Amino acid sequence: MTKVRMVAAQGGTALIVLMGVGQQALAADPAQRYIAQDQGTVEASSPWQIRVRALEVKSHDSGYVGGIAGSNLSYSDTVTPEFDISYFFTENIAAELILATTYANVDGTGAIGALGNVGKVWILPPTLTLQYHITHFGAFRPYVGAGLNYTVFYNQSVGSADALHVKNTFGAALQVGFDYMVDRHWGINVDVKKLFLEPDFTVKVAGADLKGKAKLDPWLIGAGVTYRF
């Protein structure tokens, strides 16, 4: 009888050890994160995430018209809705595609201040960033990112200028932000991005064809809602 009890005890110990090893193996794989449900069932987290933000676009007022000493440019700041899609390769590494559109009024300053409003352009700046998410703070999840932007300028119209054409261009992007997860799916997001965006442009004023560079370099400051599938 004693031997039977010893065998049963040893078997129970072995089962506990095997269960612990299995749990550690699941925890070690970021793609196999599980959350217990009421009936003891489990569900895997999706790698997909979306956000909707209100986005303030604050441009750096700088630029010039070639051949005119002391020329400068300024741009209007705007607030616009923004939508992004993220895919998590692991718990910490994600790629994010940022989609938004807004406009900028372009004004002459300095030596060309008399021109006033040169024109208006609409801006579509899709941006792809690779992010690192820090997951050691529970519901608070900060992240940093870097990536590439390609900005399209469309619906360009003139003010005091006879013609205006801002050229599409590539630029680098830096990003920092955080999510505060209210539950498994929903969270609050704050995000700041810096785009390095300096497109070339051509402008016709009083019959003269001129070239220049618009040094927009905008800050994109956003706050909104996160949803993790």
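Strands S5, S8, S9, S12, S15 and S16 (208-214) each supply at least two residues of the lining of the second largest pocket. Strands are DSSP runs of E of at least two residues, and helices are runs of H or I of at least four, both numbered from the N terminus. S15 gives the most to this lining, with three residues. The model is predicted: local features need pLDDT of at least 70 and side-chain atom pairs count only at pLDDT 80 or more, while totals for chains, interfaces and linings use all residues. Residues are numbered from 1 along each chain as its sequence is written, and side-chain values use heavy atoms, without hydrogens and water.

**Pocket and cavity**

On a 1 Å grid over the protein atoms alone, a pocket is an open set of points with protein on both sides within 12 Å along at least five of seven lines, whereas a cavity is a set where a 1.4 Å probe fits but cannot get out; lining residues have an atom within 4 Å of a point. Points are joined across faces, edges and corners, and a volume is the space filled by probe spheres set on them. The structure holds one cavity of 30 Å³ or more.

| Site | Volume | Lining | Nearest the centre |
|---|---|---|---|
| Second largest pocket | about 180 Å³ | 19 residues | Leu-73, Val-106, Val-118, Leu-164, Phe-201 |
| Largest cavity | about 100 Å³ | 14 residues | Val-57, Thr-102, Ile-123, Pro-125, Pro-218 |

The lining of the largest cavity has ten nonpolar, four polar and no charged residues. In this classification Ala, Val, Leu, Ile, Met, Phe, Trp, Tyr, Cys and Pro are nonpolar, Asp, Glu, Lys and Arg charged, and the others, Gly among them, polar.

**Nonpolar cores**

A nonpolar core is a set of buried Ala, Val, Leu, Ile, Met, Phe, Trp, Tyr and Cys residues joined through side-chain atoms within 4.5 Å; buried means under 20% relative accessible area (1.4 Å probe, protein chains only). The largest core has 19 residues, of which Leu-73, Phe-201 and Val-203 touch the most other members. At least two of its residues come from each of S5 (71-75), S8 (102-110), S9 (117-124), S12 (163-166) and S15 (200-205). A second, separate core of six residues includes Leu-55, Val-57, Ala-100 and Leu-195.

Leaving aside residues up to four places away in sequence, Phe-201 touches residues including Tyr-64, Leu-73, Leu-164 and Leu-210; contact means heavy atoms within 4.5 Å.

**Chain overview**

The protein chain has one helix and 17 strands. Of its 229 residues, 34% count as buried.

Notes. Buried < 20%, exposed > 50% of the residue type's maximum accessible area, 1.4 Å probe, protein only.
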